[in-house]
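The following questions and answers concern how terms are applied to the structure shown here.

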Amino acid sequence: MSMNKYSLKNKLMFLILGTALPFACITAYLIFSLRNYSRAYDKIVSNMTIANSYNLNFKEEMDESLYKLVVGAVTFENISEDGTLEDPYKVIGELREDFGVLMQITTDRESKSWLQRLLRNIDTLEDRVDDIKVNLEAGGHYDENIEMLDNNIYILTELTQDDIQYYIYYQTQSIENLKVQLNDQVEKFIVVCTALLICLIVCVLILSSVTANGITRPVRELCGVTRQISEGDFSARAGVKTRDEVSQLADSVNEMSEHLEVMVRQIKEDERKMRHAELRLLQEQINPHFLYNTLDTIIWLIEGNLSEQAVDMVVSLSDFFRLVLSHGKEFITIKDEELHIRSYLEIQQVRYHDILDYEISIAPELYPYRILKLTLQPLVENALYHGIKYKRAMGKITITGFMMREEQENRICLSVKDNGVGMEEEELRRLQKEIVRPCKETESGFGLANVNERIRMNFGMEYGLTITSEKGEGTEVRVMIPAQNIEDFPDGGYTNETSV
């Protein structure tokens, strides 16, 4: 039988039914057998429970009650009012009724025989109680009643109790017989189940092989075609002829491969446009006002005959732009990034010498590791213009960096901290929300959002910026990136574009 004309759902249903149905039959048989055993066991236990309720106290209650009647301690009329005694007729009636029921439901011969003897003894016992009652009503016959107790009543109650015990004994034997029958059924069941299990395994293996082959063969063929397409062979086509969902998927793959070449060309064009956009964004981050103000400061230094400071400032400006451009590199070392922000701060300190102090303390062990260009400079600029300047007093920017060693992956933490004006809690929460949005959608904090988005795009969503701030105390921005040595990358982590 060919499986190609069935859908995947039907193929799987065939496999499930072929496996589950035999197990369901075996389970049903087992439940049925256990149910019959449970009913028989419960029946015997119920019978023994009734018998045991009389076996424990029947003789003592009857003997004591009849003795008190004979000696005149109580009468048949008021014996029920005594909480320690039982009416003999009531006890005999209950005993006859309960064991009469047992007589009807008991099946084994020995137990029924003892029940018959017990009921005959009960009838005789009732007759002797009638004799005692007649003597008591006649007003006397004490010696005769005492003799009747000793020679009849006590013997009859003992015989009755013995009958109960024999009944219980044979009911126990019935449980033992039931256990033997159950063990015999279990042994037969094991043999039958073993044979069925062997047949089932063979059938399941055959059915599974047929079903699995009907599913996996077209899937393997489709995987081979998709592998060819992934390697650039857009002429590959899947020839799946089944009538299931895999055939529909193969048709979709064939249709997809026809459009892949057009899509690849479009993607390359989009990548080229994206790269130009990134370069334009990079150039826009070089604030023209910063350049103009720096040149004005250099002119002012020259006019003031401070030529040595002017030369230092020109060198710092040259270093700044050299590191900004970086020959088109997208990644630079942390050492270069430190030189970049140091050049930036040296220039700004000349302009804001009355309010700006800074300290850079990045562990030298971090120098060989790579970082996205222009990661720290926007953070330093933000700390200066939004933290220190608004303080209108001497402020300090502290840049630190250290390694966080973890079991799975080491991380680098860089911090830009200022002791400026800080932010209110509501303003901080708003800024924290803004920096996790795409920078093109941000309403404020564009520079921070830009840095955060670039880090996440290049390293993963678990990395990026975190901001803490307190009004009047200052702000700290932390940068978390993976520890990746720049020498571990074939191109050094640089782009292949030409220099800007």
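Q: What makes a pair of residues a contact?
A: Contact means that heavy atoms lie within 4.5 Å. Leaving aside neighbours within four places in sequence, Thr-333 is in contact with Tyr-367, Pro-368, Tyr-369, Arg-370, Ile-371 and Ile-486.

Q: What kind of model is this, and which residues do its values use?
A: The model is predicted: local features need pLDDT of at least 70, side-chain atom pairs count only at pLDDT 80 or more, and totals for chains, interfaces and linings use all residues. Residues are numbered from 1 along each chain as its sequence is written, and side-chain values use heavy atoms, with hydrogens and water left out.

Q: Why is Thr-333 called buried?
A: Buried means under 20% relative accessible area, exposed over 50% and partly exposed in between, with a 1.4 Å probe and protein chains only. Thr-333 has a relative accessible area of 16%, and is therefore buried.

Q: Where is Thr-333 placed?
A: Thr-333 belongs to strand E1, residues 331-333. Helices (H or I, at least four residues) and strands (E, at least two) are DSSP runs, numbered from the N terminus.

Q: How do you know that E6 and E7 pair?
A: Two strands pair if DSSP finds at least two bridges between them. Strand E6 (residues 464-470) and strand E7 (residues 474-482) run antiparallel and are joined by 7 bridges. Ile-467 stands opposite Val-477 in E7.

Q: What span is expected of helix H4?
A: The expected span is 1.5 Å times one less than the number of residues. H4 (residues 109-138) has 30 residues and reaches 44 Å from its first C-alpha to its last, close to the 44 Å expected. Gly-139, with a positive phi near 80°, follows H4.
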